[in-house]
Amino acid sequence: MQLSKVGIAQASGLRRTGKTKWVEVCRMACASFLMVAGLLLGNGSGHAAGPDDIFLSARAAYNARNLNALTTASRNLHAQHYILAPYTDYWRFLLELNQASNQSVRQFLDQYKDAPFADRLRGEWLKVLARRQEWETFFEEYPKLQREDMAVNCYAADGGIQQGLESAVNAGKALWMTGNELPANCDAVFDRLQKGGVLREEDIWARTRLLLQGSRITVAKSVLQRLPGIDKNNLKLLDRVYQNPQKVLENRQISFKSRLGKELNLYALERLSRSQPALVLDLWEKIHGNFEVADRDYFWGRFALHAARKHDPAALTYFQRAGNAVLDNDQREWKARAAMRAGDWKALQEAIAAMPESLQAEQVWQYWKARALKEQKQIVAANLILVKLAKENTYYGLLAEEEMGDALGAAPERYRASADEVRAVLDNPGIQRALALRRLEMRWESREEWRFASRDFDDKQLIAAAEVAFREGWYDIAINTADRTKLLHDFALRYPTPYRDLMQGYVADNALDEAWVYGLIRQESRFVSWAKSVVGASGLMQVMPETAKWIAKRMGMRDYKPAMINQLDTNLKFGTHYLRYTMDRMDQQPLMATAAYNAGPGRPKRWASDQPLEGAVYAETIPFSETRDYVKKVLSNSIYYSHQLGTQSQTLKQRLGVVPGVGAPVNPEQD
């Protein structure tokens, strides 16, 4: 048997690193080829392997970079007209892309223009073209790239700058101003900009501030090295501030004489503002004279942001002290939330008016602008906003409708897909590929294929596609697809009720509102029973391992094993039990109980005010963006589920309720 050229090249490149790696490469390449050969010959069993098995072996060959084995499998699958055979062509092309002619790549992209992998291949081809400096072909293809790829964007800026394009210079400057880490090839763009005098020292300090705000120390160090006079000892100071900002400030460990010293002291103040604002104010009184006016304004803008997140009543005053500081969107939004929390409707209106138009246009700020206008007796202006917003099937759409006095009555009219419409979707090759990929548990690829196949569907096609996904038990895709309709809707697909026979018993045992539980599960997992979050939460109700262990002990389950949390029955039992627990801990307040389910039971009461607070205001001023979004979606989901289940409907405002002031007596009948 002969190794592919790609396999040999890879192996040769590793030969110097040791015999073990060389043997491993040979083993992988040979194993994948033998796997394909064995499958095609039936492994001596007398039965030829099925196309699914051959396809999976082709994927293994691709992962092993064994072009010969992959080619053999691909030819066999094409001969059988296997629905997923195009993926083997894509994998082959990826392995040979560096040697492929531009004409052959274009032919491939044209042949498979209706497949999602075509755009991914175009992105990889653009990187090859940039490395070859083939800019004419690059810029012919670059506008066709649909997905966002920062590395490709940097190559485009670099190539444009080399050709003297002013637009590329502007694009390069825009790429620079980010608080995130960028691909390594972006450095070439910034090198050219800095050499040309376009990227100035002030731009370097501006990005350094963005990076320090996000505590991206490693990237900040790299950026600072673009400045003259910055050495390794200077950079070590960043670690000192990150590790112990209080010690740095109290002991005056960093001088204020240099620009770096001032920036690091400002960073220390910001870090400490998150946990000890009173101490920061004391320290600021002693050191503020070391800063220029612009730096003092910057300090107050950052301090005000953290004060607003902590619900400090003085947050608006701190924002006023920021003077001429240019606030970012995060600061602008928290300034509005501080005004909302204080019940200062005029200040809220002014804070929204100061936002960029794109931010003002978001539903959240349209609703609160209308509320601010209404509270100031500008009813006509408020209703003009509310009437438009009430047409949206969202949290803010529901609130807008209720604000005008029209509580949601009958369930919205449902459009049901016809049998012909469902068949038409099933005949779509992209949908067929998506279903086949799902059958093979290629989850990411199946979702990409589905998204691409349905990207131009109209409302009727989307509903039919959602019906197909629902019948397949692909509930998350059914929900996401049905959610995309504009005029026609099927809310039974947007808000499905699977596993109801199993769940109803646990809902009843824990005296919970079924619509609320369904609303929570829809937000937690979209009914994907194997779902697992980045922090380890599992199952339909996303129960954390430690929480599950605590629940099992609380319920007296002596035979509990960690793997049980992935079982549907156990997950629902534990999740509903914990939701009941949060409800009791939060004094029967569904809003706070929902927040507790997501953020833990220790936080929601700390987010309450000294005085009773409207639930919508409480929800909008939750410090954690994930929890803030979560509670709004869970409770609005509950409204729609109440219609699906035919239960007594509450308004969204009733579900949100009024959060009692800290120390105030709780009225369980508040809702």
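The briefing below turns to a pair of helices and then to salt bridges. The model is a predicted one, and a count of its salt bridges comes to 47.

**Packing of H5 and H6**

- The axes of helix H5 (residues 85-96) and helix H6 (residues 102-111) come within 12 Å and cross at roughly 160 degrees, and the two helices are therefore roughly antiparallel to each other.
- The crossing of H5 and H6 is left-handed, and in the contact Asp 89, Tyr 90 and Phe 93 of H5 meet Ser 104, Val 105 and Phe 108 of H6.
- By type, the residues of the contact of H5 with H6 comprise four nonpolar, one polar and one charged.

- Asp 191 and Arg 226 form a salt bridge with an N to O distance of 3.0 Å, which joins helix H11 (residues 186-195) to the loop between helices H13 and H14 across 35 residues.
- Asp 191 is partly exposed at 42% relative accessible area, whereas Arg 226 is buried at 17%.
- In the salt bridge of Asp 483 with Arg 494, the closest N and O atoms are 3.6 Å apart; Asp 483 is partly exposed at 29%, while Arg 494 is buried at 4%.

- Asp 420 and Arg 423 form a salt bridge at 2.2 Å between the closest N and O atoms, and the two residues lie three apart in helix H26, separated by about one helical turn.
- Asp 420 is exposed at 52%, and Arg 423 is partly exposed at 46%.
- A network of salt bridges links Arg 371, Lys 374, Glu 375, Glu 403, Glu 614 and Lys 653.

Conventions:
Residues are numbered from 1 along each chain as its sequence is written. This is a predicted model: local features need pLDDT of at least 70, side-chain atom pairs count only at pLDDT 80 or more; totals for chains, interfaces and linings use all residues. Side-chain values use heavy atoms; hydrogens and water are left out. Axes are lines fitted to C-alpha atoms, for helices over the stretch in contact, and angles run from 0 to 180 degrees between N-to-C directions. Helices (H or I, at least four residues) and strands (E, at least two) are DSSP runs, numbered from the N terminus. Angles under 35 degrees count as roughly parallel, over 145 as roughly antiparallel, 65 to 115 as roughly perpendicular and the rest as oblique. A crossing is left-handed if the near helix is turned anticlockwise from the far one by less than a right angle, and right-handed if clockwise. Contact means heavy atoms within 4.5 Å. Ala, Val, Leu, Ile, Met, Phe, Trp, Tyr, Cys and Pro count as nonpolar, Asp, Glu, Lys and Arg as charged, and the others, Gly among them, as polar. A salt bridge is a side-chain nitrogen of Lys or Arg within 4 Å of a carboxyl oxygen of Asp or Glu. Buried means under 20% relative accessible area, exposed over 50%, partly exposed in between (1.4 Å probe, protein chains only).
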